[in-house]
Amino acid sequence: MSRPTRRQVLHGSAAALAGAALTAPAAYADTPAARPAHAHGHAPGARHSGDHEMPEPFDEMYQGRHIEGWPADMGGAHDGGQQSDGGQAEHHSGQAGPHEGMDFVVRIDNDDLHLMRNADGTWISLVNHYETFTTPRALARAAVRALQGADLVPVVTG
């Protein structure tokens with residue numbers, strides 16, 4: 001039996017390494033490490049809305065900041081007393097409400113944090129645009145940490 005040459009060993013090693021590199025993402029995808037971290041976990045008791053769960057409302061103090069959030073379909077239930085007698089948010093004819101087109105409303109110290117829901121059900125905000133979160137509460141807490149005491153700047157649209 002002849003011994004393999006250095007070139008044959010290097011080619012075999014390169015082929016094995018390439019095969020491992022190509023199969024690793026598929027093997028990794030179903031591991032606990034591939035799932036979101038516990039801090040970004042699903043909220044217990046979340047409501048189901050469409051293909052994704054709708055998180056429950058929250059209202060708490062976090063690192064000295066008041067954070068609150070609620071599903072936008074709750075109308076003006078948390079709009080700081082800007083409700084009509086019917087309990088719904090007041091909408092002027094022909095004008096969209098302040099949370100029109102949003103699934104969930106989040107405020108930090110009574111200032112709106114603009115957030116968006118991704119197709120996979122995760123959430124991003126203008127403060128943490130490149131980091132996804134599974135709940136708006138986790139997103140709001142991360143935004144408080146990222147702001148480091150600074151105020152939110154209002155986003156002017158239209």
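Biologist: Hello! Why does Asp109 count as partly exposed?

Modeller: Its relative accessibility is 31%. Buried means under 20% relative accessible area and exposed means over 50%, with partly exposed in between (1.4 Å probe, protein chains only). The value for Asp109 falls in between, so Asp109 is called partly exposed. Please keep in mind that this is a predicted model, in which local features need pLDDT of at least 70 and side-chain atom pairs count only at pLDDT 80 or more, while totals for chains, interfaces and linings use all residues. Residues are numbered from 1 along each chain as its sequence is written, and side-chain values use heavy atoms, leaving out hydrogens and water.

Biologist: Where is Asp109 found?

Modeller: Look in the loop between strand 5 (104-108) and strand 6 (111-113). Strands are DSSP runs of E with at least two residues, helices are runs of H or I with at least four, and both are numbered from the N terminus.

Biologist: What makes the phi of Asp109 worth a mention?

Modeller: Phi is near 50 degrees there, a positive value in a residue other than glycine. Most residues other than glycine have a negative phi. Gln63 also has a positive phi, of about 50 degrees, and is not a glycine. You can find Gln63 in the loop between strand 3 (58-62) and strand 4 (65-71).

Biologist: Why is Gln63 called exposed?

Modeller: Because Gln63 has a relative accessible area of 55%, which is over the cut-off for exposed.

Biologist: How do you know that Leu152 is buried?

Modeller: Leu152 has 13% relative accessibility. That value is under the limit for buried, so the word applies. Leu152 sits in the segment after helix 2 (136-147).

Biologist: Which residues is Leu152 in contact with, leaving aside neighbours within four places in sequence?

Modeller: Contact means heavy atoms within 4.5 Å, and the partners of Leu152 are Ile108, Asp111, Asp112, Leu113, Val127 and Leu147. Asp111 is 41 residues away along the chain, yet the C-alpha atoms of Leu152 and Asp111 are separated by 6.6 Å.

Biologist: What is Leu126 called, and why?

Modeller: Leu126 is partly exposed because its relative accessible area is 47%. This residue lies in the loop between strand 8 (123-125) and helix 2.

Biologist: And how many helices and strands does the whole protein have?

Modeller: Its secondary structure comes to two helices and eight strands, running α-β-β-β-β-β-β-β-β-α from the N terminus on. Of its 158 residues, 28% count as buried.
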